[in-house]
Amino acid sequence: MLLLIVLGAFPPLTMDLYLPALPQMAENFSTSHGMVNLTLGAYMVAFAVGMLFWGPLSERTGRKPILFTALAMYIGASLLCALAFSIESLIAFRILQGFAGGGITVVGTAIVKDLFDGRERERVMATVMSLVIVAPMIAPVLGAFLLKIASWHWMFIALAIFGCCGAALVSLYRDTLEEKSTGPLVHAWSRLAVVLLNPRFAYLLALFAMVPMCLMAFLGIGAYVYIDGFGLSEQTFGFFFAFNAACATLGPMLYLRLARFIPVQRIILGCFAVLITGGAVMILFGSLSPFLFAAVAAVSTVSVIVVRVPGTNLLLEQQARDTGSAAALIQFSATLMGAAGIQIVSLHPEDLIWNYGLLLMVIGTFCATLWLLVQRHPFVAGKLPQPL
């Protein structure tokens with residue numbers, strides 16, 4: 001369990017640890033904020049591509065070799081980021097770091113499928129998610145502390161040290177892949193197409209990959225709404241951000257409790273209804289108060305996290321084999337759609353709250369419609385755990 005938590009913590013730590021240093025980095029490199037923000041965007045793109053590369057490959061080589069290789073690359077890239085002499089070189093090293101990070105994350109998801117089934121898998125995923133969500137709360141605080149006692153370079157050194165800790169845990173881990181795929185190595189990536197050609201997997205992927213757009217949209221506009229829109233200080237914004245993250249930690253465990261008494265189909269549909277309702281409230285009243293905005297955003301965030309547990313499990317259940325490829329496509333799609341959510345909600349920056357509310361309503365309605373069409377089909381109903 002500890003290994004799964006550490007592997008899951010890599011994306012939020014790598015993304016959020018150095019956020020407090022972005023202004024300082026722009027000054028040190030004598031460049032614009034836009035160029036510095038490319039270190040975030042480039043990382044996300046490379047991270048998504050990395051998952052598609054490493055996931056299928058882990059079916060051919062095993063989980064442990066991929067973890068060691070990706071972690072070694074991650075540690076090296078983190079050290080290179082610390083030594084970057086220009087913003088261009090930092091962006092390049094962040095791309096390498098993201099590519100390696102994609103391997104770490106996707107193999108972690110594959111290990112869960114290797115080791116657990118059904119309700120037990122959901123329990124493990126919920127526990128890991130609850131603990132991993134703490135990382136975005138801690139990372140900016142830790143980054144701000146490091147910035148007080150040292151320069152931004154030490155943030156990447158800290159990430160390298162974290163990578164070493166992950167490698168130490170991996171050395172104690174027994175490879176969970178019982179049957180490796182055979183055939184030429186270059187054919188490993190063709191399994192992505194095989195998984196996508198599974199119509200049940202593809203349909204559910206289109207459904208559940210849309211949901212993270214709601215969460216990432218909030219992360220993309222939160223600072224602008226609280227600081228520029230409501231006139232709050234950066235410190236106060238941090239408290240509101242921490243409140244949202246704290247609510248998010250409740251999502252996985254809330255799902256486990258509800259699933260003991262309520263059919264999973266109703267839980268998922270209820271979450272989509274919450275998104276639709278939250279969107280309407282956000283459009284009508286979200287601009288009146290930062291507390292009201294925070295409350296609606298928190299409830300929407302919890303709904304997204306609740307859906308993520310059964311959604312990921314249901315997608316993994318559609319594939320008896322090619323777990324690495326399935327996990328890669330799940331994580332890749334969520335990352336890609338999340339990035340798209342940030343861009344969509346920012347198209348008209350003068351109406352961020354209205355944009356966010358509309359996005360919640362559209363995504364909630366679209367996903368609810370797709371879910372109503374398949375929730376009673378055997379490949380869905382037969383794969384969901386039943387109330388106790």
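Residues are numbered from 1 along each chain as its sequence is written, and side-chain values use heavy atoms, with hydrogens and water left out. Because the model is predicted, local features need pLDDT of at least 70 and side-chain atom pairs count only at pLDDT 80 or more, while totals for chains, interfaces and linings use all residues.

Me: Why is T39 called buried?
Reply: Buried means under 20% relative accessible area, exposed means over 50%, and partly exposed lies in between (1.4 Å probe, protein chains only); T39 has a relative accessible area of 0%, so T39 is buried.

Me: What is T39 in contact with, leaving aside its neighbours within four places in sequence?
Reply: Contact means heavy atoms within 4.5 Å, and with those neighbours left aside T39 is in contact with Y18, I87, L90, I91 and R94.

Me: Why is S30 called exposed?
Reply: S30 has 69% relative accessibility, and therefore counts as exposed; this residue lies in the loop between α2 (22-28) and α3 (33-61).

Me: What is the phi of S30?
Reply: S30 has a positive phi of about 50 degrees although it is not a glycine. Most residues other than glycine have a negative phi.

Me: Where is L292 found?
Reply: L292 is found in helix α14 (residues 290-317), where a helix is a DSSP run of H or I with at least four residues, numbered from the N terminus.

Key:
Helices (H or I, at least four residues) and strands (E, at least two) are DSSP runs, numbered from the N terminus.
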